[in-house]
Amino acid sequence: MRAITLVLTLAVTAIASPGLHADEFTPEDLARWQAQFEGVVAEGRALWGDGKLGRNGVACGQCHPNAANTHPETYPKFQKQLGRVASLWEMINWCLRNPLEGEPLAADDPKMVALLAYATWERRGVKLEPGKH
Amino acid sequence: MSRQTRRSFLQGAGTAGAIATLPLSLVEVAFAKPGQNFTFAYISDSHIQHVEGSKFVRNWDRGLIRAVAEANLLQPRPDFVMYGGDLAQLGTKAELDHGADMLGSLRGKVHHVMGEHDYYLDLGEYWSKLFGPQWYSFDHKGVHFVVLNSILTYDEWTYERWPSAEQRMLEMAGLDNPNGSPFMVGDRQRAWLAKDLAKVAKSTPVVVFSHSPLQKIYKGWNFWTEDAEQVQQLLAPFDKVTVFYGHVHQIQYNQIGNISFTSAMATAWPWPYPETYAQAESHLPKLTVHMNRADPFFERDATGWQFIDVHTGRAATHYNLYNNKVRTVAFDAASGRPEDTAYQAPGARIAPQSHF
Ligand SMILES: [Fe+2]
Ligand SMILES: [Fe+2]
């Protein structure tokens, strides 16, 4: 019993000690994170118009201006042509492999993250409707 | 041209095996009053894109090859074919030559319209060598046809802003590129148009072809012509005016005063309607019954070409959609505007494809 109390006390002290406040963001933190996010969105926009993302010079933006018709708010959803519930990145890879005749990207590839960030940013404000067709 | 019956049409098409995709019953309408009516085919926006060496983007090649093959099957023959612009993607000789090669298999006379993708590399020089003047008019069976180059823009943008022709082309090629510049017909061509129309009787049906819509729909994607109202004013005195345009890669139609507007689909790829871009507002005409959403798993879906019959100086446009029913947008004398003959009333519309 005594030992447990001691451990608890130590734990509480550790959490409360100065410099370890996890929930107090400074304006500098927020500005930096926002800038990081915007940087990735900008990278995504650049990739969206980049004929070198695939292999035939075709770019996503040729068919999806401003990432229109990508409906990020509806994912994950059942994709009839795949016969299962799929995530947005899987449909990005579908278009990457087919109209762009390119190689698919890993879900956590920085390029994929940037493409996802851009498509979602252009759709900001639209109600989330996962599963919707 | 001799009177064609439905049966002789079927026989003509039957030999080639693409019957299901051809707008069979519609041919009869065009020839209901032989002599007065005629038809033409309208193909647009093939965006032939060079990869390297002798390689071109397969998908876009297939779109144009298919449209040409099907237009060649039309029986009775259309009087001519209009090509609506954006034959090339980046305006290079390789692309224009390859596109011209494929169009070369078309049976019959082809008239060309300039698109921005054909123009902004060398300002139309090579295109003009292949296809002739960038604006012109001709008369056909009592209809006055006018072709405009509507994709010009401000001189400063064209001549001074960009360090190279290649960059100028790339900047204009990106539909949603904020560095682009609004399209226009321009003073010089409008002066020519005024003069050209001065000798045409007001009762003569006038049909105008432009690449960009001669109406303002959505500036952000250049579904737009900066001096549209001024061009419309020149057309206002005529009883029957029809404007056909490409560029938008989707079905649109509208009526402004006496002018009926009808767009062309692309053979290359379809575009979403501007309304689908959540951060923008557009003026997309309320008359348009939208196309269904395209299936990304079928690359020709929502692409296609058009077959048009002109009777009593008004046009009916048959959209030859590959993965959907043929749609017909025809001038309706009762309402005085173009309407989808099957799907105009909301209750008559087929539900949008919902599985994509
Ligand atoms: Fe186009
Ligand atoms: Fe265009």
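Let's start with Lys141(B), which sits in the loop between strand S6 (136–140) and strand S7 (143–147) of chain B. Its phi is positive, about 45°, although Lys141(B) is not a glycine. Keep in mind that this is a predicted model. Lys141(B) is partly exposed, with a relative accessible area of 44%.

- Most residues other than glycine have a negative phi, and most peptide bonds are trans.
- His47(B) also has a positive phi, near 50°, and is found in the loop between S1 and strand S2 (50–52) of chain B.
- His47(B) counts as buried because its relative accessibility is 0%, below the 20% cut-off.
- In chain A, the peptide bond from Tyr75(A) to Pro76(A) is cis, with omega near -5°; Pro76(A) belongs to the loop between H3 and S1 of that chain.
- In chain B, Gln75(B) and Pro76(B) are joined by a cis peptide bond with omega of about 0°, and Pro76(B) is in the loop between helix H3 (58–73) and S4.

**The iron site in chain B**

- Asp86(B) lies in the loop between strand S4 (80–83) and helix H4 (93–103), while His247(B) lies in the loop between strand S9 (241–245) and strand S10 (253–256), so the pair ties together parts that are 161 residues apart in sequence.
- Asp86(B) also bridges the iron ion (ligand 2) and the iron ion (ligand 1), which are 3.5 Å apart.
- Asp86(B) is buried at 0% relative accessibility, and His247(B) is buried at 0% too.

**Strand S1 of chain B**

- Six of the six residues in strand S1 (residues 38–43) are buried.
- Phe38(B), Phe40(B) and Tyr42(B) take one side of S1(B), and Thr39(B), Ala41(B) and Ile43(B) the other.
- S1(B) runs antiparallel to strand S12 (residues 304–311), with five bridges between them; here Tyr42(B) stands opposite Gln306(B).
- S1(B) runs parallel to S4(B), with four bridges, and there Tyr42(B) faces Met82(B).

**A histidine in chain A**

- His64(A) is in the loop between helix H3 (60–63) and strand S1 (77–79) of chain A.
- His64(A) counts as buried, at 17% relative accessibility.
- Leaving out residues up to four places away in sequence, His64(A) touches Trp48(A), Asn69(A), Thr70(A) and Cys95(A).

Methods: Residues are numbered from 1 along each chain as its sequence is written. Chains are lettered from A and ligands numbered from 1 in the order in which they are written. This is a predicted model: local features need pLDDT of at least 70, side-chain atom pairs count only at pLDDT 80 or more; totals for chains, interfaces and linings use all residues. Side-chain values use heavy atoms; hydrogens and water are left out. Donors are N, O and S atoms within 2.8 Å of the metal (3.2 Å for Na, K and Ca); water is not among the atoms, so sites may look incomplete. Helices (H or I, at least four residues) and strands (E, at least two) are DSSP runs, numbered from the N terminus. Buried means under 20% relative accessible area, exposed over 50%, partly exposed in between (1.4 Å probe, protein chains only). Two strands pair if DSSP finds at least two bridges between them. Contact means heavy atoms within 4.5 Å.
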